[in-house]
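Dear colleague,

I am pleased to hand over the structure shown below. Please keep it open while you read the notes that follow it.

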Amino acid sequence: MATEREKMTAGQPYDQFDAELIARRVAARKQLRAVNQLDDNDQRNAGYRKLIADSGDDFFVEAGLEYDYGWNVHIGNHFYGNYNMTLLDTCPITIGEHCYFGPNVGLYTPVHPLNAMARVKDVEMGAPITIGDNAWFGGNVTVLPGVTLGNNVVVGAGAVVTKSFGDDVVLVGNPAHVIKQIDNSPAGDAAAKAKWPEKLD
């Protein structure tokens with residue numbers, strides 16, 4: 001029989017008042033409070049990496065990381081997160097390589113029922129969030145449950161991403177929508193190199 005943790009991670013209805021889940025949320029708050037107060041960058045980020053499920057090389061987050069469990073946070077190589085990043089990881093949050101998040105970014109996997117009686121009875125579920133490689137999120141971006149974003153996606157400051165999008169797009173607004181395709185072809189790379197030759201040689 002599945003545990004409440006297993007049901008939660010799978011996106012099935014689960015009991016948020018399960019003893020294991022409550023204990024983990026309490027422990028997470030205590031651990032994060034201690035690590036968030038560390039001024040030394042190396043110490044703080046080593047502390048974060050011990051608390052989440054997995055992270056790649058070259059991981060850096062400014063102070064202010066928050067999450068529910070940490071069990072379901074998976075971050076690839078070369079990640080940068082600015083201040084006050086919130087990852088509500090009822091379900092898995094998977095972030096690819098070379099991703100950069102501005103301040104006050106929130107990725108939220110919990111799902112609450114539209115039906116009021118179900119909410120009154122504390123029915124809880126979730127849906128995973130997956131972010132591809134090379135993402136760049138501006139400040140105050142919000143990503144809602146069940147969203148998958150492809151590779152090379154740029155999300156403008158303040159956007160609320162309510163549905164999934166593919167590769168090579170710029171998203172803005174609430175709800176977020178595509179305003180531009182990004183040229184990541186060899187021709188596009190050549191144009192970028194012409195603009196920033198000292199950076200891309």
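This is a predicted model: local features need pLDDT of at least 70, side-chain atom pairs count only at pLDDT 80 or more; totals for chains, interfaces and linings use all residues.

Aromatic rings

The structure contains 5 aromatic pairs. In one of them, Phe60 and Tyr80 are stacked, with 5.9 Å from centre to centre and 15 degrees between the planes. Phe60 belongs to strand β2 (residues 59-61) and Tyr80 to strand β5 (residues 79-81), so this pair ties together parts that are 20 residues apart in sequence. Phe60 is partly exposed, at 25% relative accessibility, and Tyr80 is also partly exposed, with a relative accessible area of 24%.

Tyr69 and Trp71 form a pair as well: their ring centres are 5.3 Å apart and their planes lie at 10 degrees, which is under 30 degrees and therefore counts as stacked. Tyr69 and Trp71 are both buried. Trp71 has a further neighbour, Arg5, which lies over the face of its ring at 3.7 Å from the ring centre. Elsewhere, one aromatic cluster is formed by Phe59, Phe79, Phe101 and Phe137.

A pair of helices

Two packed helices are described by the angle and the distance between their axes. For helix α2 (residues 19-36) and helix α3 (residues 41-51), the axes come within 9 Å and cross at roughly 165 degrees. This angle is over 145 degrees, so α2 is roughly antiparallel to α3. The crossing of α2 past α3 is left-handed. On the α2 side, the contact is made by Arg24, Gln31, Leu32, Val35 and Asn36; on the α3 side, by Arg44, Gly47, Tyr48 and Leu51.

With kind regards

Terms used:
Residues are numbered from 1 along each chain as its sequence is written. Side-chain values use heavy atoms; hydrogens and water are left out. Rings of Phe, Tyr and Trp (its six-membered ring) pair if their centres lie within 6.5 Å; planes under 30 degrees apart count as stacked, over 60 as edge-to-face and the rest as tilted. Helices (H or I, at least four residues) and strands (E, at least two) are DSSP runs, numbered from the N terminus. Buried means under 20% relative accessible area, exposed over 50%, partly exposed in between (1.4 Å probe, protein chains only). A charge sits over a ring if NZ of Lys or CZ of Arg is within 6 Å of the ring centre and within 35 degrees of the ring normal. Axes are lines fitted to C-alpha atoms, for helices over the stretch in contact, and angles run from 0 to 180 degrees between N-to-C directions. Angles under 35 degrees count as roughly parallel, over 145 as roughly antiparallel, 65 to 115 as roughly perpendicular and the rest as oblique. A crossing is left-handed if the near helix is turned anticlockwise from the far one by less than a right angle, and right-handed if clockwise. Contact means heavy atoms within 4.5 Å.
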